[in-house]
Amino acid sequence: MKSIGEALRSMLPAFEPLGSESLAVDSALDRHLAEDVPARVDAPPFDNSAMDGYAVRTGQTTEGTKSKVVGESRAGGGTPAPLAEDAVMRIFTGAVMPEGADAVVIQEDVDRDGEQIWFRKGASPRANIRFRGSDSKAGETLLGQGLRVGPGEIGLLVSQGIATVDVFRQPSVAIMTTGDELRELGEALDEGTIYNSNAHALAAQVRAAGCRPVVFPIVGDSEHELRGSLARALRHDVVLTSGGVSVGEHDHVRDAFESSGVKADFWKVAVKPGKPLSFGVGPGGRPVVGLPGNPISSMVTFEAFVRPCLRKMLGDPRPFRPPQSVRLTHPHRHSPRRPELARGKLTHGPDGWELTLHRLQGSGSLPSMVDVDALVLLPAGEAEFEPGRRLQAILLRDETGHIHPPFEA
Ligand code: AMP
Ligand code: MG
């Protein structure tokens with residue numbers, strides 16, 4: 001049986017980025033750049049004023065001296081005339097600097113009377129000018145390969161006139177759920193049947209991870225049916241199966257993997273929930289992950305094992321959620337035989353994150369995945385955890401909210 005780390009190290013090499021596609025910048029949010037993006041133009045594209053004020057020759061602006069205002073340069077007003085001798089020019093933020101000026105004096109630092117101004121203080125050369133090319137020069141690397149496209153990257157690309165970017169392709173992820181007891185949402189439930197919640201929960205997890213879920217119809221507990229469905233699922237970039245992966249007489253995933261040419265790497269991982277987790281590589285190098293059927297096991301193992309692999313496939317150079325140190329708010333007991341990924345809610349205490357475990361931790365108890373902030377690792381070999389105990393956790397939400405504003409300043 002593999003450890004969590006061993007299982008991940010076996011899986012990750014099978015999830016390589018898939019090549020690139022070109023997207024309109026506005027559609028590229030949260031995708032990763034497939035190649036470096038060079039700057040097309042100097043930024044800023046021309047010397048311009050950072051403030052509203054007066055364009056001056058600093059040699060002529062000692063404190064108390066007087067000057068005449070000649071002309072104006074405003075944003076969008078094109079290139080102004082050169083700065084006249086012994087004069088200053090009215091200028092506004094974003095406007096082109098006139099030839100001959102070497103600084104901008106902000107309007108708060110002058111007194112004005114008609115066409116005359118007096119300097120309250122002297123100006124230093126280069127003050128309040130945004131120089132052409134000071135942010136980046138044409139041809140320089142603007143954004144590096146692998147970078148995630150966020151609002152800032154979109155703004156920068158558009159500022160350069162760049163309308164499309166090459167990003168790594170989004171994997172399509174086939175989701176196959178198995179079990180004779182499963183019914184689709186909307187169908188009536190007869191005795192002994194349950195709704196196929198895993199298909200929907202997994203699709204949501206795939207989407208939240210940035211990939212495209214393709215949900216297959218429910219597959220009954222037959223090796224033949226499984227094989228047929230698996231053959232179709234293997235046309236996608238990644239295949240996830242749910243259920244039927246243990247060793248019961250009605251668990252056929254193992255046989256179906258074998259007869260479909262999926263080379264199994266492991267069948268079990270030492271983790272609770274989720275021991276019957278399997279992984280193999282199908283024809284064409286397609287990764288196939290057999291998730292356990294229990295709804296919590298399926299979601300927790302997706303989060304711990306599949307999500308980082310999908311992030312890597314999307315070209316994310318940092319595919320893991322960062323570990324966070326948390327303190328337990330209460331005593332807790334668990335079975336020390338396997339490491340456990342328990343679910344809980346976080347609050348922010350004086351000493352950092354504090355974690356309160358959900359009351360229900362069973363692998364079939366769906367409420368245990370409701371309003372979850374974090375998965376926390378309860379290590380094997382220990383049964384009792386005291387309040388205040390420090391543990392390693394991963395935060396499942398990008399924004400784990402807080403009721404107070406973060407800054408008072
Ligand atoms: P299995 O892994 O097939 O032995 O299933 C383990 C448990 O999870 C059983 O109680 C199943 O009924 C349940 N289960 C399996 N697949 C699903 C699913 N797609 N949605 C909800 N529960 C499921
Ligand atoms: Mg089953």
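How many residues does α3 have, and what distance does α3 reach from its first C-alpha to its last? In this predicted model, α3 has 12 residues and reaches 17 Å between those two atoms, close to the 16 Å expected at 1.5 Å a residue.

**View 1. The buried side of helix α3.** Asn-198, Ala-199, Leu-202, Ala-203, Gln-205 and Val-206 are the buried residues of this helix. They lie on the same side of α3 because they cover an arc of only 160° around the axis.

**View 2. The face of α3 turned away from its buried side.** This face carries two exposed residues, Arg-207 and Ala-208.

**View 3. The shell around ligand 1.** There are 16 residues around ligand 1, and those that come nearest are Glu-181, Asn-196, Gly-244, Gly-293 and Asn-294. By class, the shell divides into four nonpolar, 10 polar and two charged residues. At least two residues of the shell are supplied by β15 (194–195), and at least two by α3 (197–208).

**View 4. Polar contacts of ligand 1 with Glu-181, Ser-197 and Gly-293.** In the side chain of Glu-181, an N or O atom lies 2.5 Å from an oxygen atom of the ligand. A polar backbone atom of Gly-293 is 3.1 Å from an oxygen atom of ligand 1, and a polar backbone atom of Ser-197 is 3.3 Å from a nitrogen atom of ligand 1. On its own, ligand 1 has 480 Å² of accessible area, of which the protein covers 76%.

Note on methods
Residues are numbered from 1 along each chain as its sequence is written. Chains are lettered from A and ligands numbered from 1 in the order in which they are written. This is a predicted model: local features need pLDDT of at least 70, side-chain atom pairs count only at pLDDT 80 or more; totals for chains, interfaces and linings use all residues. Side-chain values use heavy atoms; hydrogens and water are left out. A residue is near a molecule or strand if one of its heavy atoms lies within 4 Å of it. A polar contact is a pair of N or O atoms within 3.5 Å; within protein, one must be able to donate a hydrogen and the other to accept it, and residues adjacent in sequence count only if both atoms are side-chain atoms. Accessible areas come from the Shrake-Rupley method with a 1.4 Å probe; for residues, only the protein chains shown count as cover. Helices (H or I, at least four residues) and strands (E, at least two) are DSSP runs, numbered from the N terminus. Ala, Val, Leu, Ile, Met, Phe, Trp, Tyr, Cys and Pro count as nonpolar, Asp, Glu, Lys and Arg as charged, and the others, Gly among them, as polar. The expected span of a helix is 1.5 Å times one less than its number of residues. Buried means under 20% relative accessible area, exposed over 50%, partly exposed in between (1.4 Å probe, protein chains only). The arc is that of the directions from the helix axis to the C-beta atoms.
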